Amino acid sequence: MLPSNDNIQRFIDRYLAYIENDRNYSPQTLRAYRNDLGQYLSFLKGEGCTDLAGVPRLQLRKYLCFLKKKNPSKTTVARKLASIRSLYKFLCQHGILEYNPVEQIKTPKTDKKLPGFMSVNDTEILLNQPDTCNLSGLRDKAIMETFYSTGMRVSELVGINIADIDFHSGIVKVRGKGSKERILPVGNHALNAIQLYWRKERRIRGVVFK
């Protein structure tokens with residue numbers, strides 16, 4: 001059975017119920033899907049399309065052009081297309097449609113934004129936040145200085161032993177994914193912060209940060 005213009009909304013509602021109850025999508029995601037599919041349905045009705053199965057690929061490309069005019073953001077267009085693609089996939093999997101016309105439609109490439117970064121002044125303010133008059137503050141200071149100096153991952157930092165640090169050469173051995181070891185340079189500020197923390201803790205071996 002092919003969904004006619006009178007019951008397209010019913011199939012959309014069925015799909016929305018599926019992603020809400022079976023897939024446990026969040027209310028925010030569900031709202032976005034409902035809006036995206038509602039907009040698609042309005043476009044189809046305006047174009048005189050009577051069923052989802054009869055939507056030609058050219059009509060879908062026309063809809064993409066319509067979206068791009070209304071939403072310059074490539075991310076928004078890609079999300080709306082993903083909503084439609086997911087609807088058609090659901091209808092095919094449940095035997096309502098035999099063909100997914102969205103399969104051959106490529107998702108627009110989204111612009112990759114460069115990550116933001118902190119200014120030197122903001123970084124200095126952040127590094128000076130810990131209260132170094134107590135042990136926890138000395139530890140936090142050493143952790144932040146080590147992160148800033150080496151760029152290591154959290155999983156690598158928590159596994160550092162004091163024996164992994166060469167204070168004379170200014171290097172540290174860390175273990176990353178798959179227990180692979182790598183050597184990183186570490187600056188004097190971080191080394192000094194670690195030594196201050198360890199002197200306060202009065203330890204001579206073991207993991208650096210507890």
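At what angle do helix 2 (residues 27-46) and helix 4 pack, and how far apart are their axes? Before I answer, a word on the model and its conventions. This is a predicted model, in which local features need pLDDT of at least 70, side-chain atom pairs count only at pLDDT 80 or more, and totals for chains, interfaces and linings use all residues. Residues are numbered from 1 along each chain as its sequence is written, and side-chain values use heavy atoms, with hydrogens and water left out.

To the answer, then. Helix 2 and helix 4 pack at about 85 degrees, with their axes 9 Å apart. Helices are DSSP runs (H or I, at least four residues), numbered from the N terminus; axes are lines fitted to C-alpha atoms over the stretch in contact, and angles run from 0 to 180 degrees between N-to-C directions. Helix 2 and helix 4 are therefore roughly perpendicular, given that angles under 35 degrees count as roughly parallel, over 145 as roughly antiparallel, 65 to 115 as roughly perpendicular and the rest as oblique. On the helix 2 side, the residues in contact (heavy atoms within 4.5 Å) include Tyr-33, Leu-37 and Tyr-40, and those they meet in helix 4 include Ile-84, Leu-87 and Tyr-88.

Helix 2 also packs against helix 3 (residues 57-70), at about 120 degrees and with the axes 11 Å apart. That crossing is right-handed, meaning that the near helix is turned clockwise from the far one by less than a right angle, anticlockwise being left-handed. Among the residues making the contact are Tyr-40 and Phe-43 of helix 2, and Tyr-63 and Phe-66 of helix 3.

Turning to aromatic pairs, the structure holds 10. One of them, Tyr-18 with Phe-90, is tilted, at 5.0 Å centre to centre and 35 degrees between the planes. Rings of Phe, Tyr and Trp (its six-membered ring) pair if their centres lie within 6.5 Å; planes under 30 degrees apart count as stacked, over 60 as edge-to-face and the rest as tilted. The Tyr-18 and Phe-90 pair joins helix 1 (residues 8-21) to helix 4 (residues 74-93), across 72 residues.

Lastly, the domains. The domain assignment, automatic or from a database, gives domain 1 (5-94) and domain 2 (120-201), whose C-alpha centres lie 50 Å apart.

Terms used:
Helices (H or I, at least four residues) and strands (E, at least two) are DSSP runs, numbered from the N terminus.
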